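Subject: Structure for you to look at

Hello,

I am passing this structure on to you, with notes on what was found in it below. Please have it open while you read.

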Amino acid sequence: MTTPPAQPDDGEQVELTPRDASYWAKHVTTLRVGEVPAEAINLNVTGKRVVGPLQGFGRLWQKTYRVELPGVVMTPAEVIAVWKRSFATFWPPSGHFYGPLTSIAPGDVAVLNLSVGGGVKLSTGVLVLYADEESFTFMTPEGHIFAAWITFSAAAAEPDGPTAVQVQVLLRANDPLYELGMPIIVQRREDRFWQQTLVNLARHLGVAEPQVSTVAVCVDRKRQWSHAGNIRHNAGVRTVIYTLGAPLRALRRTPGGGEDEPRAVE
Amino acid sequence: MNQGTSSTMDVRVDGDVSVVDIRGDVTAASEAALSEAYQAANTPSTRAIVLNFSGLEYMNSGGIGMLVTLLVRANRQRQRLLAFGLNQHYRQIFELTRLDEAIGIHDSEAAALAAAQAR
């Protein structure tokens, strides 16, 4: 099930192109952010490596949030097309997604600004690792709360049944500080965030009272102490330091201060 | 939630190393097949499991996620996970997702078996 490229004249053996080739991001060593709106805090993304569940610190969780779309006459591909096109608009107000304006495509890098309580905003990002017609997956950078793959997908709930959409997150807390907050703060916020996202999407598609189910499975209870040093990238700490430095930067911008406000401080 | 995909996974047990020959698609729909293959490969004496990807035709992010859970299961049994038969495209995916940091990738079955036997 691979598609052969054009055969070279000299009969040389060439590797067939797998049919998933266009769905995956190209390999990158570090992330690079494109243009972001002026209101975005663009920190902790450019120059960072992506991390997955293998590079995180905390326990490994698989969390699945799912909602059925009864009465919605759309194929899974049509639902995903809507989701990709307006991805940021379905997020709760506590999060802002600054990605490409048109859609979600493999290799895209987006900046995220997340309210984490107490008036503090955390700046981080995601890489679009994979995107096909019926699903797409994000991978997080160093310093993000989670070392995670987050997959958004749609499928028929059962043969001839309604389409269902889901968010599935395979994650470890990225460092010991985040892991400390996992049981009480982080997990609850994460649950509420994706539940509300699915409710917003379902309502947009015409479901009056969406019912979101949540299933959490601890895949590995072991903490990876060899990755405790991830704390040096902690985006929360770095964003707080950046925020606390705002008055000083404002002072420098006053006439005679001699410094322009940087758009991206890494 | 990609449905209707197909894969076969045959297991060859040779002493303390088991080889899983993967053919077809590796997606979330392959979970039962991969789990069955692991059960067959996991004997009391198994020290390493070698995944043969030379028959791999398609893999999505759900498939990569399953490999992580397989790795967790193997590590729990103190088993190493190795792979061979990955073409350039899938090697790059292993590098991008950083699976290659936990799953040893080799050019051939002989090289993978030699690495599996190394103490």
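In chain B, 72% of the contacts with a separation of 6 or more are between residues 24 or more positions apart. Please keep in mind that this is a predicted model.

Of the 119 residues in chain B, 49% are buried. The C-alpha trace of the chain spans about 40 × 25 × 20 Å along its principal axes.

Chain B contains five strands and four helices, and their order from the N terminus is β-β-α-β-α-β-α-β-α. Its radius of gyration is 13 Å, close to the 14 Å from the globule rule for 119 residues, so chain B is as compact as a globular protein of that length.

Strand 1 (residues 7-14) and strand 2 (residues 17-26) of chain B pair in the antiparallel sense, with eight bridges. One of the residues involved is M9(B), whose bridge partner in strand 2 of chain B is I22(B).

On the chain B side, 25 residues are in contact with 31 residues of chain A. Strand 3 (48-59), helix 2 (61-76) and helix 3 (88-96) of chain B are the elements that give two or more residues to this side. By type, the residues on that side of chain B are nine nonpolar, 12 polar and four charged.

Regards

Conventions. Residues numbered from 1 in each chain as written. Chains lettered and ligands numbered in written order. Predicted model: local features only at pLDDT ≥ 70, side-chain atom pairs only at ≥ 80, totals over all residues. Rg over C-alpha atoms; globule rule 2.2 N^0.38 Å. Buried ≥ 20, exposed ≤ 12 C-beta atoms within 10 Å, placed from the backbone. Contact = placed C-beta atoms within 7 Å. Nonpolar A, V, L, I, M, F, W, Y, C, P; charged D, E, K, R; others polar. Pairing = 2+ DSSP bridges.
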